[in-house]
Amino acid sequence: MYINGEWTSAWDGGRRPVVNPANGEVVAYVAEGTMQDADRAIRAARRAFDEGGWAETTAQDRARILFRAAEAIEANAAELAALDTLSCGKPLRESEADVTDAANCFRYYAGLATKPTGQAFDVPAPSQTFVVREPVGVCGQIIPWNYPLLMAAWKLAPALAAGNVCILKPSELTPLSALRLAALLEEADIPPGVVNVLLGAGPVVGNALAESHLVDKVAFTGGTVTGRKIMQAATGNLKKISLELGGKSPNIVFADADFETAVDYALFGIYVNTGQVCSAGSRLLLEESLYDRFMERLVERAKQIRVGDGFHPDTEMGPLVSAQHLSKVQQYIALGLEEGARLACGGSRPAGLPERGNFLEPTIFVDTRPDMRIVQEEIFGPVLVVQTFKDEEDAVRLANDTVYGLAAGVFTADTAKAHRVIKRVRAGITWINTYHPTYNEAPWGGYKQSGIGRELGTFGYEEYTEVKQINVNLAVEPTGWYRR
Ligand code: NAD
């Protein structure tokens, strides 16, 4: 682990294996942090914020370090990508894209750090009244395994740009690239205690971050059930929270859409990162008149997707992250069949791949009903559920019919129709005639039970700031309110 600028073992010497999901081999052992380690990291961060001077650095100083970090990430791109493929399983080309996005995230916030953020007001008094943004303080940042490096960047870059100190808690399954990133930040001159990487079990060290009264904010990305626990744990000192949670996002295709484009994005929407994407287009909503033709082509293309080891250059879809997660996804497939849905393709482990790899075929369920659990719940794997709709009204009703509200896509040649639908969809991230592009410039986050707050863009930066108003009296004289 990396605590207070030092590389350290767990307090009790505990270790945890990191496993390659493509073949079940242990690729590394990392420290398994305890409550004592969490306490150590929290106290180090507290000192760095209260006494270390980071909050008093100029925006330009912080920008310089973040620009350096971006350069360092790019200079070590091959290694960082390999670490994510090794522990998460995603095809190397996906890990490479994540590294590029992570570097650009640091660069974006390096630039933003020096841009104006305040406001001044014309108030009805002889007063100069304005607001400034200041760092929140010590931030606990808990991230999942599906984008190990990128999630670390989304958390660290805006927080550091705004002058906060960070305790990053990577997933138990994928800590390697975050550790490497800490080393690169150290080389980029991040002072001791300003970035700490705390490893260990979520319910132990993650919960400690959420509970501690010395932590000012907890930023979490992960499952909705965990998000709820974190929100409860954070009540003790009423710390600030931001939550990026799950989804069951609709990808709506109208009959007038560009056919091949819509088929292509339907596949990309669900199968990129083996469906382990919070914003995955996991519900495909097809206009009834398009159904037969679309499904024929979709199934034909899904069956052609090459599943395999992420390091193999031909691989288009890697394994699921762990044997435990594979088993959870398989249980959903069994449940779907029990509920009466039908498999249009997939559902099994592909032949000819290592037994101990967590591989699964691209899977599509049809003949679904809106009340089925496979339609309502996040499966977080390569499992697409198909629903049909009659008209625009029906499409919107079905799109909004889950507890989630993270993302949505619409495919149609009719621009006005696309906008009408998007306007009525209750989701924070929407796409017209595309699916999945994500930009550092634009806010990321969900409506309803998909989360609280936003990451990325200026919105993501503001989540890491407190707002202070400053009133300067321009007429320095007694108030005259009380008799003298
Ligand atoms: P998870 O909720 O199990 O774990 C996420 C992180 O929380 C891990 O670091 C874990 O150690 C930690 N954690 C677990 N229990 C904790 C507790 N009680 N207190 C504090 N920390 C705890 O999620 P996961 O299985 O790693 O990731 C998959 C989930 O993440 C999916 O539901 C997915 O939708 C969601 N996700 C959302 C986004 C988004 O931006 N909205 C992005 C990626 C993943």
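Predicted model: local features only at pLDDT ≥ 70, side-chain atom pairs only at ≥ 80, totals over all residues.
**View B. The contact of helix H5 with helix H6.** Helix H5 comprises residues 148-161 and helix H6 residues 176-187; their axes come within 8 Å and cross at roughly 45 degrees. H5 is therefore oblique to H6. On the H5 side, the contact is formed by Pro-148, Leu-149, Ala-152 and Leu-156, which meet Ser-177, Leu-181 and Leu-185 of H6. By class, the residues of this contact comprise six nonpolar, one polar and no charged.

**View C. The largest nonpolar core.** This core has 125 residues, and Phe-106, Phe-294, Leu-298 and Ile-364 are those with the most contacts inside it. Helix H5 supplies the largest share of the core, eleven residues. The core lies between domain 1 (2-245 + 450-470) and domain 2 (250-432), because both domains give residues to it.

**View D. The surroundings of Ile-364.** Ile-364 is one of the residues with the most contacts inside the largest nonpolar core. When residues up to four places away in sequence are not counted, Ile-364 touches Tyr-271, Met-295, Leu-298, Val-299, Ala-302, Arg-342, Leu-343, Ala-344, Cys-345, Leu-384 and Val-386. Leu-298, among these contacts of Ile-364, is likewise listed with the most contacts inside the core.

Note on methods:
Residues numbered from 1 in each chain as written. Heavy atoms only, no water. Axes fitted to C-alpha atoms, helices over the stretch in contact; angles between N-to-C directions. Helix = DSSP H or I, 4+ residues; strand = E, 2+ residues; numbered from the N terminus. Parallel < 35°, antiparallel > 145°, perpendicular 65-115°, else oblique. Contact = heavy atoms within 4.5 Å. Nonpolar A, V, L, I, M, F, W, Y, C, P; charged D, E, K, R; others polar. Core = buried A, V, L, I, M, F, W, Y, C linked by side-chain atoms within 4.5 Å. Buried < 20%, exposed > 50% of the residue type's maximum accessible area, 1.4 Å probe, protein only. Domains from an automatic or database assignment.
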